[in-house]
Amino acid sequence: MFRQMFEEKYMRFPKGKAKALTFSYDDGVKADKRLLSIFGAYGLKGAFNLNSKLFDCENWHGRMNEDETFEAFYNSGQEIALHGARHIFMDKVPLCEALKETVDNRAYLEEKFGCIVRGLAYAYGGYNTDIKRILKDCGVAYARTTNSSYSFEIPSDWLELNPTCKHTEKELEQLSGKFFGDSPLNHFKHREPWLFYVWGHSFEFEDNGNWDVIENLGRRAAESAAEIWFATNIEIYDYVQAYNRLVFSLDGERVYNPSALCVWLEIRGTTYEIPAGKTVEFDK
Ligand SMILES: [Zn+2]
């Protein structure tokens, strides 16, 4: 039997999908309300990165006040994530102050929204290796940078999570064309799953008068919804961790999923669902 093809194992997202789409929007500004309604209309999911001590701050692209922020995001179906209590460069203050920024921010958001907050976007993209280390101690699972990867690769260093691109970048169009027009399933060798991760500030749509950028992206995504997993950042993080915890037999033909999440993988062109806590044997 010709067994050279597709012996490799590839992670597949829930329902066996090979592509995932996620977003990350910063600062908790008034324009987020319009963005939330667009996300709702097309089923898009993402993280909204909020500060906690700047609610009354003026001159910041229309920040929402505390009540508005709660009203906009509570039960929105979107992820609430950290952006520092005061939106400072965490790499330009003593380490203990950076730690307090994170802890204060997390304590406020968890108390206010009654949830567990484990994601973060670096304010001004400011971080270093010491910051990454203390974030881990603060229970932060992932932290997004402002460095575009221009790729659909699954992140390997989650505390230095590079997004695919910002929605203001010219590369967005070409990357969208590839993401919606092609698929890892069309490729013979490199069938790794694709993650399209877009970030920005909703006030940029307002300032540039180009809400059509996100409307178009949402429309194209909704048209391809059958093959794309729409997920928040933390849902993707948790899913990838669950996949990475899979335990295989020596010959790679049997797999045990010790996690509480159902995971999917592809081998020899067939996609398998590995239920939580179960062992599955692949067809030979
Ligand atoms: Zn910001």
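N75 is exposed, with a relative accessible area of 70%. This residue of the predicted model sits in the loop between α2 and β4 (79-82). Its phi is near 60 degrees, which is a positive value in a residue other than glycine. Most residues other than glycine have a negative phi.

Y150 also has a positive phi, about 50 degrees, although Y150 is not a glycine. The loop that holds Y150 runs between β6 (142-144) and β7 (165-166). Is Y150 buried, partly exposed or exposed? Y150 is partly exposed, with a relative accessible area of 38%.

**The protein overall**

The secondary structure of the protein comes to 8 helices and 14 strands. Its radius of gyration is 20 Å, close to the 19 Å that the globule rule gives for 284 residues, so the protein is as compact as a globular protein of that length. Taken along the principal axes, the C-alpha atoms fill a box of roughly 70 × 40 × 30 Å. Of the 284 residues, 53% are buried. Contacts across the sequence can be described as well: among those between residues at least 6 apart, 65% join residues at least 24 apart.

**Two helices in contact**

Helix α2 (residues 66-73) packs with helix α3 (residues 95-113) at an angle of about 60 degrees, and the two axes are 11 Å apart. The crossing of α2 past α3 is right-handed. On the α2 side, the contact is made by E66, T69, F70 and F73, while α3 contributes Y108, K112 and F113. Sorted by type, the residues of this contact are 4 nonpolar, 1 polar and 2 charged.

**Two buried residues in strands**

K19 is found in strand β2 (residues 19-26). K19 is buried, with a relative accessible area of 1%; a residue counts as buried when this value is under 20%. Which residues does K19 touch, not counting residues up to four places away in sequence? They are F13, F179, F180, D182, S183, P184, W194, E227, I228 and W229. Two of these residues also have polar atoms listed with K19 in the table: D182 and E227.

E266 lies in strand β12 (residues 263-267). E266 is buried, with a relative accessible area of 2%. Leaving aside its neighbours within four places in sequence, E266 is in contact with E8, K9, Y10, R12, L185, R191 and T271. With one of them, R12, the side chain of E266 makes a polar contact through the side chain of R12.

| Side chain | Partner | Distance |
|---|---|---|
| K19 | E227, side chain | 3.2 Å |
| E266 | R12, side chain | 2.8 Å |

**Burial and exposure**

The residues described here can be set side by side. K19 is buried at 1%, and E266 is buried at 2%. Y150 is partly exposed at 38%, whereas N75 is exposed at 70%. K19 belongs to strand β2 and E266 to strand β12. N75 belongs to the loop between α2 and β4, and Y150 to the loop between β6 and β7.

Methods:
Residues numbered from 1 in each chain as written. Predicted model: local features only at pLDDT ≥ 70, side-chain atom pairs only at ≥ 80, totals over all residues. Heavy atoms only, no water. Axes fitted to C-alpha atoms, helices over the stretch in contact; angles between N-to-C directions. Helix = DSSP H or I, 4+ residues; strand = E, 2+ residues; numbered from the N terminus. Left-handed = near helix turned anticlockwise from the far one by under 90°. Contact = heavy atoms within 4.5 Å. Nonpolar A, V, L, I, M, F, W, Y, C, P; charged D, E, K, R; others polar. Buried < 20%, exposed > 50% of the residue type's maximum accessible area, 1.4 Å probe, protein only. Polar contact = N/O pair within 3.5 Å; in protein donor to acceptor, adjacent residues only side chain to side chain. Rg over C-alpha atoms; globule rule 2.2 N^0.38 Å.
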